[in-house]
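Hi,

Here is the structure I promised to pass on. Have a look at it first, and my notes follow below.

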Amino acid sequence: MVTTIRRTVLTLPAAPLGPENPLPPLGVFADIHRPGPGGLEDFPAEMARQMRYAPLRSLLPVRRRDDYSRVRVPTDLDAIVIENDLLRATVLPSLGGRVHSLEDKTSGRSLLYSNPVLQPAGFALNGAWFSGGIEWNTGATGHGPLSVAPLHAARVPAPDGGEMLRLWEWERLRDLPFQVDLWLPDGSAFLYAGVRVRNPHDRPAPVYWWSNTAVREEPGLRVLVPAESAWHFGYERSLRRVAVPSGDGADSSYPLAGDRHADHFYDLPDGERRWIAALGQDGRGLVQTSTDLLRGRKLFVWGTSPAGRRQQEWLTEPGTGGYAEIQAGLARTQLEHVPLEAGGEFAWLEAYGPLAADPARTHGADWRAARAEVADRLGAALPRAEVDAAFAAWRPYADHEPKELLAAGSGWGALEAERGGLELPGTPFPAATLGEEQRPWQELLRTGALTERGPVPGPSLVSPRWRELLEAAEPGPYTAYHLGVAQWHAGDRSQAARSWERALREGLTWPALRCLAAADRAGGHPERAADRYAAAVEEARAARASRAALAALAHEAVTALLAAGRPDAAAGVLAGVGAADRARGRFRLLGARVLLAQGDAPAARAVFDEGFEVDDLREGEASLAEVWWAIAERLEAGDGPVTEAVRARARRLHPLPERYDFGARS
């Protein structure tokens, strides 16, 4: 069978993603993946240096994606199938280019965990993310902001004379273009992925890349890798070196052996071939290997505790089984960012395919023998030299122009290409992709004036080049507003406030008031923040702002009013939220907080007893447990103080219900 690339439609029960949050994310970015307090003196020098280098401080210019639900309906998704005699890969270009499934046609075995539903959850840097398949994470530590975004996709010539599927986009957190070329050489049992990240700027840029592969978590599944030690990062948020596979007693190479979620970043010796495999009890499963630049390998597990199982169910249909992730990245750990020189690029080749090994050896007590068995079988199935040769053959083809466009991504790449006069062979960003969000910025670029006129400002751009254009632009309320956002992103908070005050004076009322209120909260002025948030809500309602804008603004306002000790005013704002939004879990939780602050702990407890789900619960978020225990403590304390004895009694008499237990510390 000649390798083919064809369009198809994949129908899944899916929860609609909803619109982007129209309020620019001005809060400090909370990175739950970074270690807690402590120095980096005990880490290898390069690793410590890259952990210090350019951590993400802000989500700007990316907007949050937090307006999805948990109500799933059958949904048709555009998909692209790459197939030969041995493998069939199904790719979702509209959802970050995710490889949804990879089937070994010889055995009929699915090599990946393919989620039977599309259920967004708050795990990406900007919110919505879903589990399963092979995902391409770039930008900064965590699941990338393109997790549920469309990528450009096209046919391009492959090195063997066939065709490749090219996926590409402009990643906006770091302002870098990237591409992934997927192809199946004729007769190959391995899916190749040629990856390139380029820095077209005149300054170094931080790069993050991890290819995350979900494999079905089944009894006896073992993850093997050519390493004898790993850096463990888990529940306690400390990074420490452990022996592999049994550094903590339990055999961590078995995903179901531990009770808590954990990352193991493997310390692959220099010169060792890069690979990681997930094999079942029968010795069969998936192996991933790459050229040497992709040095990191990782295993992530949710653990077998009730909270870990709850997280798994949250991401799919209960009873459908869970998954573990085997991953490959540019650095030793996901806590690092790697500098890419101006005008430079990182490029490598990955390969994914089936592996059959002797289960007596792969699941034996001798770790070295188990590793050697996988290495030998991989060497026979796909020699290291063959991967290196395929990479060398692919490199000239990375610049080949697309033959046929199959899907369109965003217009941000086209805007940046025009601004910088960029030539990016192989990854064109056509002017035809420019849309309404880019139009004001293109006008600014061409005329020096930004003439936005909508009731809500569109997305802001914050890079130094765009900030310079805004500073030189003709004055106006939208120019002042966007300049304030860019100044805030750059850390110039006093200038940002002045710009927003100017926007407010010039008639851009509630959007500017909201930014000023957020600045007040960040600056330690809760009373002034509460006043401005309350005024912003009134102005937004009078202006008939969109439902999404009103809901997002009201949530921030209620939180700010509670922080200022004004629960009755918070209750008033909450009462003005539309009934459909007020019934959603995030607002139910907020309602419980308001009732508790008003002194009505029984009514707050009743909200939990009635039951709700916070659709956009963030990974690592502890709010459910925190509010539950605060209510329990007040119920036990009555009118008296909350003492340590009261806290202990509350935890004994009011255990956190399983439905609200996501493993957060309380």
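**The cavity lining**

The lining of the largest cavity is made up of six nonpolar, five polar and three charged residues (nonpolar means Ala, Val, Leu, Ile, Met, Phe, Trp, Tyr, Cys and Pro; charged means Asp, Glu, Lys and Arg; the others, Gly among them, are polar). A cavity here is a set of points on a 1 Å grid over the protein atoms alone where a 1.4 Å probe fits but cannot get out, and lining residues have an atom within 4 Å of a point.

Please keep in mind that this is a predicted model: local features need pLDDT of at least 70 and side-chain atom pairs pLDDT 80 or more, while totals for chains, interfaces and linings use all residues. Numbering starts from 1 along each chain as its sequence is written, and side-chain values use heavy atoms, without hydrogens and water.

The volume of the largest cavity is about 110 Å³, counted as the space filled by probe spheres set on grid points joined across faces, edges and corners. Of its 14 lining residues, Gly96, Trp136, Asn137, Leu146 and Ser147 are the closest to the centre. Strand E8 (residues 134-138) contributes the most to this lining, with four residues; strands are DSSP runs of at least two residues (E), numbered from the N terminus.

**The sheet**

There is also an open sheet of nine strands with antiparallel pairing, in the order E15-E19-E20-E24-E12-E11-E10-E9-E25; two strands pair if DSSP finds at least two bridges between them. Strand E15 (222-224) and strand E25 (404-407) each have a single partner strand, so one side of each lacks a neighbour in the sheet.

Best wishes

Technical notes. On a 1 Å grid over the protein atoms alone, a cavity is a set of points where a 1.4 Å probe fits but cannot get out, and a pocket is an open set with protein on both sides within 12 Å along at least five of seven lines; lining residues have an atom within 4 Å of a point.
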